[in-house]
Amino acid sequence: GCNPLAETGRSKLQNQRAVLNQQILRAVRMRAGAENLLRATTNNKVREQVLLELSFVNSDLQILKEELEGLNISVEVYQNAEETFSIPLVPLGLKETKDVDFTLPLKDFILEHYSEDSSEYEDEIADLMDLRQACRTPSRDEAGIEMLMSYFLQLGYVENRFFPPTRHIGVLFTWYDSFTGVPVCQQNLLLEKASVLFNIGALYTQIGTRCNRQTQAGLENAVDAFQKAAGVLSYLKETFTHTPSYDMSPAMLNVLVRMMLAQARECVFEQIGLSGIRNEFFTLVKMTQEVAKVGEVYMLVNTAMNQEPVKENIPYSWSKLAQIKSDHYKALAHYFIATILCDHELQPSDDKDQQEEALSQLYDCVPEGLMVLAVLKDKVQRKQLGKAHLRKAIVYHEEALRVCGLCKKLRNIEVLQEVLTAAHKRSLVKYAQQETEDDFLSLIQAPDILPKTEHKIETIAPQFSKVKVKDFFHKLGPLTVFSAKQRWTAPRTILLHHKAGELGFSLKGGSPVQVYCLDPVSSAASAGLKEGDYIVSVCGMDCKWLGVNEVLEKLKSVGKQPVELDVISCQDTAASLHSKSATYSMGMQKTYSLICLAMDEDKIDRTKKVPLKLPFLSWGTKSRQKAASTLCLPSAVAGSSQIKKKLSPFTLLNTESSLY
């Protein structure tokens, strides 16, 4: 990861976010204590003092929330360093977390569950903790993405190795909400995996905003980054359901996916017009449809941001920026079609049928009394309809400037003000250039423009298979056998004395090998060997990862000396069976045979109903009550003793709608 002490703009924002998270946590705890006291007391004087204290705490929380929103809209820090004349794009901030010490829980679990010396795994545990620490400050490039993905995949190994489904091992994960700053604490590793996925998507958005949008390659990279960000967030929404954090709720993730795809669509439009927009009929028709599509998707994003329950937690400035972009790009669409009507008269050499068809595709319905072909041929009608589109463009530009002026955070973004003002002036100049005929005689209203695009924008699913990760705890043995779901006896030593080259048992399986067809009257059975035992070492040499051939070679190398085997027995009733077996006798050739029983079992299993796979992260009401570590904070209203309705952390602070 990056140097956490480096004084870059992005690191300063993350440090400010961490400080704000601690302040919000302190204020939320104070509010929870005051609310509990309010419920418990019956003294009117005490209630008045508590209500007064609650008002102060709520005011502090509102201020802290506004400061956190200011960090989320600090888009200038994430933009490309080159001077650009483009509307800024919105990145997602990384979720903050607390340090986690895996040492004692994992060492205890290795000793208790795997019956191994846990001191031999100190380096592996340290590597895991170092990787997690580095993921808190990833570099803003593909290397940072690969590191986060490698940690996510490593968590899959850790989950199977050390997190049994029936109990917790005492590791507490704390992650702060990216929008509210409220912490969520769980002993469930799936919270860690979901939060890492969110940060992967957030890092993709930061990469996309950093791309140079003045070059073709930069815009292509930006489009790709935003599509990948949308893919990761969509994967998070579909895989981890009922997350206890507001920023990872399905409704919020759905809005974030829409916003990332809208920004990718915006970059596609900039990519089309990067080399310049020729003042040519069919080129302008194409640009009109493309820019109308951008305005439409931002309108849908703005609508989604203003729906419950997202409206309470998403930054207010984000929804206003989506509204501004929607109005701005709709205005550009009307400006382009006005340029078509005002600057291009139908010439004898032009294909009027082709122009009529192209212009008809822009409208769902033309104004009453007008025909597309008649508009193309009649100069007066062209001018009137063109000026109607210019008037509508000016209205949209003025609305965008008005909304921008009402939002304090957006008002301070200079490049946004410059772009909106320049586009507004351009439409005013175009309108002033038209002939000053009597506009009172023209009652034409500009029709809406149909959006259309030739460029498909869709989510790109995360490619975890491209990241190669080695299991840190590889020495424990194959994961299919040595996992937290299966319990084993402690290794026991079997000393075999063979007679006439016979051991009295067969071996089967891949790695580790399993004892099969044990002769009950053999010396091996007398020494304590059992049917189904797994051989983990031969004469002190570890063989967990060895197959049948390698184990047979080791047994051969012993000769006629007694063989010392370390074996373990599965404590589950149904021991796993392998499909490959080998019989070995001292001094004789080994033979292989396929087990037909495994084929029969496979046929039987196909007839059984497969149980539905539960979602990875399904915390229901009962589970929430059991997980006492989850921070579920109550909210109170003056004069009420019981609050049954579940409220968000900032329900009492919801004065934002009245301010704007």
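A disulfide is a pair of cysteine sulfur atoms within 2.5 Å. The model is predicted, so that local features need pLDDT of at least 70 and side-chain atom pairs count only at pLDDT 80 or more, while totals for chains, interfaces and linings use all residues. Residues are numbered from 1 along each chain as its sequence is written, and side-chain values use heavy atoms, with hydrogens and water left out.

**Exercise 1.** Find how many disulfides the whole structure holds, and explain the case of Cys 407.

*Solution.* A search of the whole structure gives zero disulfides. For Cys 407, the closest cysteine sulfur belongs to Cys 404 and lies 7.6 Å away, which is too far for a bond.

**Exercise 2.** Describe how helix H11 packs with helix H14.

*Solution.* Next, take the pair: H11 and H14 (residues 379-406) pack at an angle of about 160 degrees, and their axes, lines fitted to C-alpha atoms over the stretch in contact, are 8 Å apart. The two helices are therefore roughly antiparallel (an angle over 145 degrees). Their contact has 15 nonpolar residues (Ala, Val, Leu, Ile, Met, Phe, Trp, Tyr, Cys and Pro), seven charged (Asp, Glu, Lys and Arg) and six polar (the others, Gly among them).

Conventions:
Axes fitted to C-alpha atoms, helices over the stretch in contact; angles between N-to-C directions. Helix = DSSP H or I, 4+ residues; strand = E, 2+ residues; numbered from the N terminus. Parallel < 35°, antiparallel > 145°, perpendicular 65-115°, else oblique.
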